Amino acid sequence: IGNPLGLKGTVTSGIISALRPDLYGTPYNQFIQVDAAINHGNSGGPLFNVKGEVIGINNQIFSESATSGSIGLGFAIPSNDVAFMLDQIRQYGRPHLGWLGLKIQTVNADMSEALKIPMQSGAIVAEVTPGSPADEAGLKVGDIIQAFADEHLIDYRVLNRAVSMAIGKTILLSIWTVGGEDKVIPVTVKEWPQEIWESY
């Protein structure tokens with residue numbers, strides 16, 4: 001439901017065609033992909049399920065050009081994500097998110113072959129911030145995080161999202177190290193440093 005082009009109360013319908021598409025390599029977002037038209041001006045409107053429950057907030061259109069209108073794919077932010085952020089803002093006046101101090105990316109088949117590693121899943125550590133929880137725990141660039149809290153890691157965004165909501169908690173990371181060892185490393189999640197947060 002939305003108000004595109006100055007018109008009131010327009011409604012489109014369709015199906016959810018995908019969950020958690022990797023859109024522009026966004027490290028946290030898990031959009032709902034929907035084939036119902038999201039017209040220009042509909043962003044911010046609700047995405048309902050057949051029970052009339054709000055399951056998302058319409059966010060953007062992915063199309064070949066800015067003049068394509070609703071021709072393309074629509075994406076909505078899951079309502080649980082919106083509720084979490086609103087709660088954070090109410091409590092702290094800003095997002096209050098967990099931080100490990102590392103950048104990771106999903107291991108794919110090509111990467112696995114190039115690095116001569118035995119797995120084609122998990123998340124490879126691309127950068128470790130000095131003095132961060134990840135650095136203090138001994139994680140190194142090139143280490144591969146295979147699982148956390150007994151959950152096998154298929155998509156790196158799953159770990160990012162879990163960490164963002166785990167300030168003060170210690171999580172166990174199952175690591176395949178650069179040296180070829182399997183290790184379980186405890187890491188305590190800290191809050192994003194304000195100076196880093198403000199730079200984003």
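Two strands count as paired if DSSP finds at least two bridges between them. In this predicted model, strand 3 and strand 4 (residues 54-62) are joined by three bridges and run antiparallel. Within this pair, F48 stands opposite V54 of strand 4.

The two strands belong to an open sheet of five strands, ordered 1-2-5-4-3 and paired in antiparallel fashion. Its edges are strand 1 (16-19) and strand 3 (46-48), each of which pairs on one side only. From one strand to the next, the twist averages 40 degrees. Helix 1 (residues 79-92) packs on this sheet, where it touches strand 4 and strand 5 (73-78). The direction of helix 1 makes about 45 degrees with that of strand 5.

Salt bridges come next; the whole structure has four. One of them joins the side chains of R161 and D81, at 2.8 Å from N to O. Because R161 lies in helix 4 (residues 156-164) and D81 in helix 1, this pair ties together parts that are 80 residues apart in sequence. R161 and D81 are both buried.

Another salt bridge is formed by E191 and R94, whose closest N and O atoms are 2.9 Å apart. E191 is in strand 13 (residues 190-191) and R94 in the loop between helix 1 and strand 6 (98-99), so the pair links distant parts of the chain, 97 residues apart. E191 has a relative accessible area of 26% and is partly exposed; R94, at 27% relative accessibility, also counts as partly exposed.

Strand 13 also holds K190, which forms a salt bridge with E136 at 3.5 Å between the closest N and O atoms. E136 counts as exposed at 56% relative accessibility, and K190 as partly exposed at 37%.

Terms used: Residues are numbered from 1 along each chain as its sequence is written. This is a predicted model: local features need pLDDT of at least 70, side-chain atom pairs count only at pLDDT 80 or more; totals for chains, interfaces and linings use all residues. Side-chain values use heavy atoms; hydrogens and water are left out. Helices (H or I, at least four residues) and strands (E, at least two) are DSSP runs, numbered from the N terminus. Axes are lines fitted to C-alpha atoms, for helices over the stretch in contact, and angles run from 0 to 180 degrees between N-to-C directions. Contact means heavy atoms within 4.5 Å. Buried means under 20% relative accessible area, exposed over 50%, partly exposed in between (1.4 Å probe, protein chains only).
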